[in-house]
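Here is a short report on how the inside of this protein is packed. Keep the structure open while reading.

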Amino acid sequence: DRPRAIIARTLKGKGLSLLEDKDGWHGKPVPKVELDAALKELSIPFHSESYTPSPRLSIPVEAAIVEHRVDVTHKLGDQVATREAYGDALAKLADKDPRIVALDGDTKNSTFSQKLLIDHADQFFEMFIAEQNMVGVAAGMSACGKIPFVSTFAAFLTRGFDQIRMARISRANICFVGSHCGISIGQDGPSQMGLEDIAMFRTIPDSVILYPSDAVSTERLIARLANQEGISYLRTTRPKVAVIYDSNEEFEIGGAKTLRQSDDDRITVVGAGITLHEALKAYEILKKQSCAVRVVDSYSVKPIDAAHLLRAAEETGGQLVVVEDHYWDGGLGDAVLNAVGNRAEVHKMAVQGVPRSGAPDKLMDAFGISAANIVTLVQKLISDRTR
């Protein structure tokens, strides 16, 4: 019924008489001649010459007992925001596994992590607007054998980047979920738009980055992440979007899906999340102009399905148009470039310049990632090819 604080008086080098609470030891190794004595004092049962770093903390073996899978009931054409599908999947996983915990930065009604709170209050932790602390707590929960899902607006996760990189160094297992990504959030304006999040998480070694495009793929991939070791990130979208996958569709980390194709395809358009829906709109427009294009959902940004992309490029004239609701540098386009190298010609479509507040469709058009923009670029590339 009142605020509480825990104040800890810490000592650098606690437990090692050589350097406990002494100045001048920061960043310095214990001298080799004193290392054996130091290890003995710390009760470390091995000789210094045979020391090897401890392995990554693995998810407990008991996890095998729990099938991290969710029953998906969405129907084709349903209008569902992927951020809401995240909340649905999280609550379903918590029903089966008490080790699933949710941490949120005072955005639970927007990220929909509150769906877990309703039936599993003891598995939900409100961390308020303190993203760095939230990541640190998640790392601690991981060390205790929990499976933490950390959610907030994608833009706000940038505040905790140092803790995220340190969690990776500490071999923590944490699933991050960023909502309100890109200019497609519309009127909330640039301060709320996550436009650098993919680039940020791509820099983390061995990280997994997923960007589902509908409710079905979101729920399936959240279940996959429950058994994923290391640092993972799933990006969700604010607007409601149509369900484009059958509820029985399966999704693997590291995969991709081709949604439209024919033997006459002249170019491949690659999207993920909100831009996949723009690519599908562009497909319909171009189809009416007797221009066949292939549409690929690159929902796994890292690891990316290079073989799938290269096969599509080879079968459609060697060109890939990659469209993303993210800043120009470090996003899906660069992930595709790294994957295909000089084996395909990649044309990036991404947000350039700082956006402003406005209607989502107008912003996407103004910043060059709408269906109309895709149509214009595809027409130009095909025209240039036939000259």
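Phenylalanine 251 has a relative accessible area of 1%. The cut-off for buried is under 20%, so this residue counts as buried. The model is predicted.

Five aromatic pairs turn up in a search of the whole structure. One of them joins tyrosine 245 to phenylalanine 251. This pair is edge-to-face, with 4.8 Å centre to centre and 85 degrees between the planes. Tyrosine 245 is buried too, because its relative accessibility is 3%.

Phenylalanine 251 also pairs with tyrosine 299. Their ring centres are 5.2 Å apart and the planes stand at 80 degrees, so this pair is edge-to-face. Both phenylalanine 251 and tyrosine 299 are buried. Which parts of the chain does the pair tie together? Phenylalanine 251 lies in the loop between strand E8 (241-242) and strand E9 (257-260). Tyrosine 299 lies in the loop between strand E11 (294-297) and strand E12 (300-302). The pair therefore links parts that are 48 residues apart in sequence.

## Two nonpolar cores

The largest nonpolar core holds 74 residues. Phe176, Ile183, Phe201, Leu320, Val336, Val340 and Val378 have the most contacts inside it. Helix H10 (residues 274-288) gives the most to this core: seven residues. Another core lies apart from it, with 31 residues, including Val70, Leu90, Ile100 and Ala215.

Phenylalanine 176 touches Val135, Val150, Leu157, Ile164, Phe201, Ile231, Ser232, Tyr233 and Leu234, leaving aside residues up to four places away in sequence. Phe176, Phe201 and Tyr233 make up one aromatic cluster.

## Helix H12

Is helix H12 (residues 332-340) mostly covered or mostly open? It is mostly covered, with seven of its nine residues buried. They are Leu332, Gly333, Asp334, Ala335, Val336, Ala339 and Val340.

What do the buried residues of H12 pack against? Their partners are helix H8 (197-202), strand E10 (268-271), E12, helix H11 (306-315), strand E13 (319-327) and strand E14 (345-351). After H12 comes glycine 341, with a positive phi near 60 degrees.

## Charges over rings

Arginine 159 places its charged end over the ring of phenylalanine 156, 4.3 Å from the ring's centre. Arginine 235 has its charged end over the ring of tyrosine 211, 4.8 Å from the centre.

Terms used
Residues are numbered from 1 along each chain as its sequence is written. This is a predicted model: local features need pLDDT of at least 70, side-chain atom pairs count only at pLDDT 80 or more; totals for chains, interfaces and linings use all residues. Side-chain values use heavy atoms; hydrogens and water are left out. A nonpolar core is a set of buried Ala, Val, Leu, Ile, Met, Phe, Trp, Tyr and Cys residues joined through side-chain atoms within 4.5 Å. Buried means under 20% relative accessible area, exposed over 50%, partly exposed in between (1.4 Å probe, protein chains only). Helices (H or I, at least four residues) and strands (E, at least two) are DSSP runs, numbered from the N terminus. Contact means heavy atoms within 4.5 Å. Rings of Phe, Tyr and Trp (its six-membered ring) pair if their centres lie within 6.5 Å; planes under 30 degrees apart count as stacked, over 60 as edge-to-face and the rest as tilted. A charge sits over a ring if NZ of Lys or CZ of Arg is within 6 Å of the ring centre and within 35 degrees of the ring normal.
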